[in-house]
Each structure stands twice: as structure tokens, then as C-alpha cells.
Amino acid sequence: MKTEMICIVCPMSCHMEIEQAEDGTILSVIGNSCNRGDSYARKELTMPMRMLTTTVAIEGSLHRRLPVILTGEIPKEKQEEVMKEISKICVKAPVLYQQILKQDICDLGVAVMASRSMDCYENE
Amino acid sequence: MQEYDVIIIGGGSAGLAAAIEAYKNGCEKVLILEREKELGGILLQCIHNGFGLHLFHEELAGPSYAERYLMLLKETKIETKTDTMVIHLSKDKILEYVNPKEGYVKVKGKAIVLAMGCRERTRGAISLPGSRPSGIWTAGTAQRYLNMEGYMVGKRVFILGSGDIGLIMARRMTLEGATVVGVAEIMPYSNGLPRNMKQCLEDFHIPLYLSHTITNLYGKDRLSGVQISQVDERLQAIKGTEKEFDADTLLLSVGLIPENALSLEAGILLNNRTKGPLVTQSYETTVPGIFACGNVLHVHDLVDFVSEEGKKAGYFAAKYCIDNPDLMEETIQEPITVEAAKGIIYVIPNQLYVNKLLEKQDFLFRVNTPLQEATIIIEKDGMLLKTIQKKHLAPSEMEKVTLKKEELEGIRGRLSFRIFAKGETV
Ligand SMILES: Cc1cc2nc3c(=O)[nH]c(=O)nc-3n(C[C@H](O)[C@H](O)[C@H](O)COP(=O)(O)OP(=O)(O)OC[C@H]3O[C@@H](n4cnc5c(N)ncnc54)[C@H](O)[C@@H]3O)c2cc1C
Ligand code: SF4
């Protein structure tokens, strides 16, 4: 059985073709430009994973929100639950780039970290 | 009047890369002028990941990509001024800026790099029918409000246009608890990257209506609903195909336009396809010593390409400033035209100076319609130079072709790019 799939790991968006046996075993993946495409195709057909980015509240800085990213992907259907947990986080400036803001979110084994640094700023 | 080697207008990814490269290539007095309170440009509001896989071999969030460049910048002696708006630029490379600390200032650059980015098309630019209630935003403005200030612009959202910013906002608003009721795209194909179609719409079961546009807006003070209709091949609404949606918010993701008010003032000629300056292989505009890169030149979807372009423009600006071309005996020469022929919207660079050919010359272009199994045909003075087979081409995905110096040598009149679709006859 052949499945066509577009790799979404990076914006190159390679068009791939996956050949599966009757029992679902993956026989071959073609069309990917790098290894990440291959592993994405395999995972997407078994357990789809997604990266999650959002913001948390920050005090004493130029902006009111600090952008955050997870240290690893989570199962696709866990996104909503993780969003709820992250929305409880509130931090104070200054924050360092890649500073960990919460460990092991929702027991998924990944942490929430700042995707930029944010200094203190006196809002006039 | 203060004089600098290279002045860069705009501190986004293009401007940062250009400044760092100009500095590395021997320019001591480099200045970046940025109107926002911090450097980084549009990346700072693009909190999603997917940036930098090609340059850093990592998948970074937009702000992280900017942070990496700001760290590189800190290692240099490049001067930066934020909260500083450039208000005028002239042919002789004198520019005027204003900021709260210094007031109004005039400076001169031996070379100038334009890196002002782009702006979003608004409803005015696309003329929407119906009433004029509040609740209508460009997708980028809504993104800035949500990601930097924490304001949700609405609860039931309809999105017009399938560009990437709109798709990314569809996911973002959904994750924040809003309901995105639909996305309408006037073209029969999506304008966003496939990865965004999948992760932002399909994952959340948000319907996409291709070949549809908005035909009416409802609501008095605040938007209460939208009506969409299917369009025919001439993009005209078809009667009887109307669909209505309850929505308090409409996001417009209908395209970006390079920000070239300053370029026009300096007398720089623009390309009517890209709406950005006409440039040579050195990224030099039609005004000697003024260079352009990033979204101000042509709208990019990959930041890696923006940085690459910024780096090149910075390198050539440094070279211009060090070689001091005003003192050099110029070999007056007509440039070769790079032509975007059948199936191609534009090619960058638009012009080539044969005496300045690079060892490897990159050409960036976009096709005008999605194609499977097509051939890119490159002709040199009307003779076939090269053919490249492509499994898949789309307007939303910029293509890059690299030609070697030997391949281009001897060219006299014109280099042309065109597309030969599968099944087409000559
Ligand atoms: C919403 C969105 C999502 C994107 N998503 C992705 C993605 O997922 N992956 C990816 O690789 N790429 C993505 N891109 C593309 C890429 O990030 C951008 O194209 C790139 O960052 C643009 O860089 P730039 O420097 O040309 O423009 P900008 O970042 O816009 O920088 C221009 C700067 O110039 C300043 N400026 C303008 N006029 C003046 C003036 N008169 N005086 C002083 N300063 C001025 C502006 O304030 C701004 O800071 C996205 C782009 C957008 C808009
Ligand atoms: S296969 Fe590699 S290059 Fe292609 S889209 Fe996937 S990650 Fe990007």
C-alpha cells in the first residue's frame, strides 16, 4: 500500500511516498531530502507528534507576553491539556534565552523554555 | 554631518545579517536604524517554530532565530539605534531619521542597505463589500497583539486568504480557545506552505474553502457574520453559492507588499512584479551604492533565505564602500536582463553585469501556478542552457537555481527562465 505525505518537519515541505506492507509495516520512504523526513513519516503513521509554542505572562518587561517553546514534541492530542498548564505560568523579567520555566509539563517528559531573552524595562 | 561606511535601514533578519557581514568584511563604521524599540523585526512576533533549519540545522522559534543573530551582533562594534524612524532617503545616500533622544538627524552612508521588510495588504487594498463594523484585522496585526501584548482579538474567527500568517493564526487562536469557523481562499489552490496546511488547519479540522471569497459582511458596531461565495475562473462570485458564518472577527491574510516608500524617494526603480527594487547580482539597486535584501526586495517565506540574501547584500555593500567606486574608472556596460518568461512570476536578480559574474550565481524565482512534473528551462541568448526537472512546483514555495560562472560566460543579451509543464506541446 502506498501513502503520499508531505513532510512538515521544516518549511521545505518535501513530497514523500511511503510503501507499507499489508500489516502496516513500513517498507520504504522516498522523496525526503533528509533523515528527519524518514522518521517523521514513520511516526506520523503510528503516533503523530507535534511541537507546541505559545506565550506566558511576564512582568516588568517591554512586552506583556514571553514566547515559549517545549524542549521536545508531544503527542498531537495532548496539545490542549499542555496549553492549559502553560497558561498558569507567570514569570518576572529578566528571563534568559532558553531558561527553563517548568520541568516535565503534564508528566510528558518535556520542559517549557523561553524562546528569547527578555530584559527588565521600565514602562513609562 | 556624521558619515558611516554602511547604514542599514531596518533591524530585522535581513538587516542584521547584512550589518554583520559588512562589519566582517572590513567596514568599521556600520549603523543599523530600527523604528521599533528592539531589533529582530517580524520574527519577534512569529513565536511558532520552523525557522533556521537550513542555517542553524535546528528548528527554532522566530524569536530564538532573532536571538541567535543578536548574540552575533554583540560580538561586533556595530552601532545600533532603536526607536529610530528613517523618514527620508536621497540619491546621494544621505538619510534623515528621528528618535526621542536625538530628535531629527541627518547622516550619510558610503553605502546603504535597504532592509525595511514588508507590510500587509489591508481590506482597503482588496475592497471588501458590506458594512464597516469593528473586528476586522490583518492577520499580522492580530498576531502581534496576541503574541506580544496578550490580547485576543476575538472568539469566533473567519480567515480570508490561505497565506502562511493566516494559517498560523488559525492554529494559534484555536489553541488559545477561539473557534476558527473557516478559511476562504479565492484561488483554486492554497497559498500557504503544505506544513502549515497540515499542522494549522487539518490537525484542528478547520475547513478550507478554495475558490471562495467574501461577498458580504454583517454587523453594526462589531462584526457578527460573514458571507462567502464560490468564484468562477475569472474570480467573479457565482450567484446561488452563498454560505453564511457567525463570526465576531475576520482576519485578512491576503498578501504582503514590500515597504518601498523610502526607495521611491531616492529614485530607485521598482520591479512591477515583486514591488521591490530592481537589483543586479550584487543586490545593488538602480541607484549606485544602495543595496536591498529581504522582504523589502521580494516577499520571502523562509527566513534562512532572507539571512542569506542579507549576508550577500552586506558583503557587496562593504565591497562597494572599500573599493570606493566613485574613484574607480567604471567600465560602462549595459547589464544583461534576466527575464521571467512563461510560467514564472519573477526572477531575482533582475539584471546581471557580465564583468562581475560570481563563481556561483544563485537565482531565486516563483512560478505562477502549482504544477506536478514540470521542467524549468533556462535559455542564454535564446539558446537552451539548462533544463531542470521538478516533481512539484508551487507559487508559495520559492525556487532556487545556481548557475556556474562558466555557464554564464559569453552571454550577450538575455538570460531567460521559463516553465514547461507536463503534457504541453512546444
Ligand atoms: C507572519 C510570518 C510568518 C513567517 N513564518 C515563517 C516560518 O515559519 N519559517 C520561516 O523560515 N520564515 C517565516 N517567515 C518569513 C521570514 O521570517 C521573514 O520573511 C523575515 O524574517 C523577514 O525579514 P526582513 O528583515 O526582510 O523583514 P522584517 O523582519 O520585517 O524587518 C524589517 C524591519 O525594518 C524596520 N523598518 C521598516 N521601515 C523602517 C524605517 N523607515 N525606519 C526604521 N526602521 C524601519 C521594521 O520595523 C522591521 O523591524 C514568516 C514571515 C511572516 C511575516
Ligand atoms: S525531508 Fe528534511 S528537508 Fe524535506 S521537509 Fe522534511 S525535514 Fe525538511
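# Briefing: a helix, an interface and local geometry

In helix H4 (residues 139-149) of chain B, the buried residues are B:Ala139, B:Gly140, B:Ala142, B:Gln143, B:Leu146, B:Asn147 and B:Met148, where buried means under 20% relative accessible area, exposed means over 50%, and partly exposed lies in between (1.4 Å probe, protein chains only). Helices (H or I, at least four residues) and strands (E, at least two) are DSSP runs numbered from the N terminus. The model is predicted, and local features need pLDDT of at least 70, side-chain atom pairs count only at pLDDT 80 or more, while totals for chains, interfaces and linings use all residues. Residues are numbered from 1 along each chain as its sequence is written, chains are lettered from A and ligands numbered from 1 in the order in which they are written, and side-chain values use heavy atoms, with hydrogens and water left out.

**Surroundings of helix H4 of chain B**

- The buried residues of H4(B) pack against elements of both chains, namely E5 and E6 of chain A together with strand E9 (118-120), strand E10 (136-138), helix H5 (164-175) and strand E17 (249-252) of chain B.
- After H4(B) comes B:Gly150, which has a positive phi near 80°.

**Interface between chain A and chain B**

- On chain A, 32 residues are in contact with 37 residues of chain B, contact being taken as heavy atoms within 4.5 Å.
- The two chains bury about 3,100 Å² between them, of which 55% is on carbon and sulfur atoms; buried area here is the accessible area (1.4 Å probe) that two parts lose on being put together, summed over both.
- Five salt bridges are found by the rule across the interface of chain A and chain B, the rule asking for a side-chain nitrogen of Lys or Arg within 4 Å of a carboxyl oxygen of Asp or Glu.
- A salt bridge joins the side chains of A:Arg50 and B:Asp203, with an N to O distance of 2.5 Å.
- On the side of chain A that touches chain B, at least two residues each are supplied by helix H1 (35-46), strand E5 (53-59), strand E6 (65-70) and helix H2 (79-86) of chain A.
- The residues of that side of chain A divide into 15 nonpolar, 10 polar and seven charged, where Ala, Val, Leu, Ile, Met, Phe, Trp, Tyr, Cys and Pro count as nonpolar, Asp, Glu, Lys and Arg as charged, and the others, Gly among them, as polar.

**Two residues of chain B that reach chain A**

- B:Arg195, in helix H6 (residues 194-201) of chain B, is buried, with a relative accessible area of 4%.
- The side chain of B:Arg195 reaches the backbone oxygen of A:Ile8 at 2.2 Å, and it also makes a polar contact with the side chain of B:Glu59 at 3.2 Å.
- B:His57, by contrast, is exposed at 60% relative accessible area and is found in the loop between strand E3 (49-51) and strand E4 (60-61) of chain B.
- Leaving aside residues up to four places away in sequence, B:His57 touches A:Arg36 and B:Gly52.

**Overall fold of chain B**

- Chain B has nine helices and 27 strands.
- With a radius of gyration of 23 Å, close to the 22 Å that the globule rule gives for 426 residues, chain B is as compact as a globular protein of that length; the radius is taken over C-alpha atoms, and the globule rule is 2.2 Å times the number of residues to the power 0.38.
- Taken along the principal axes, the C-alpha atoms of chain B fill a box of roughly 70 × 65 × 40 Å.
- Of the 426 residues of chain B, 57% count as buried, and among its contacts with a separation of 6 or more, 62% are between residues 24 or more positions apart.

**Backbone geometry in loops**

- Most residues other than glycine have a negative phi, and most peptide bonds are trans.
- The peptide bond from A:Ala93 to A:Pro94 is cis, with omega near 0°, and A:Pro94 is found in the loop between strand E8 (90-92) and strand E9 (100-102) of chain A.
- In chain B, the bond from B:Ile348 to B:Pro349 is cis, with omega near 0°, and B:Pro349 is found in the loop between strand E21 (344-348) and strand E22 (351-352).
- A:Asp107, although not a glycine, has a positive phi of about 55°; this residue is exposed, with a relative accessible area of 69%.
- B:Leu235 has a positive phi near 65°, lies in the loop between strand E15 (225-230) and strand E16 (243-246) of chain B, and counts as partly exposed at 35% relative accessibility.

Notes
A polar contact is a pair of N or O atoms within 3.5 Å; within protein, one must be able to donate a hydrogen and the other to accept it, and residues adjacent in sequence count only if both atoms are side-chain atoms.
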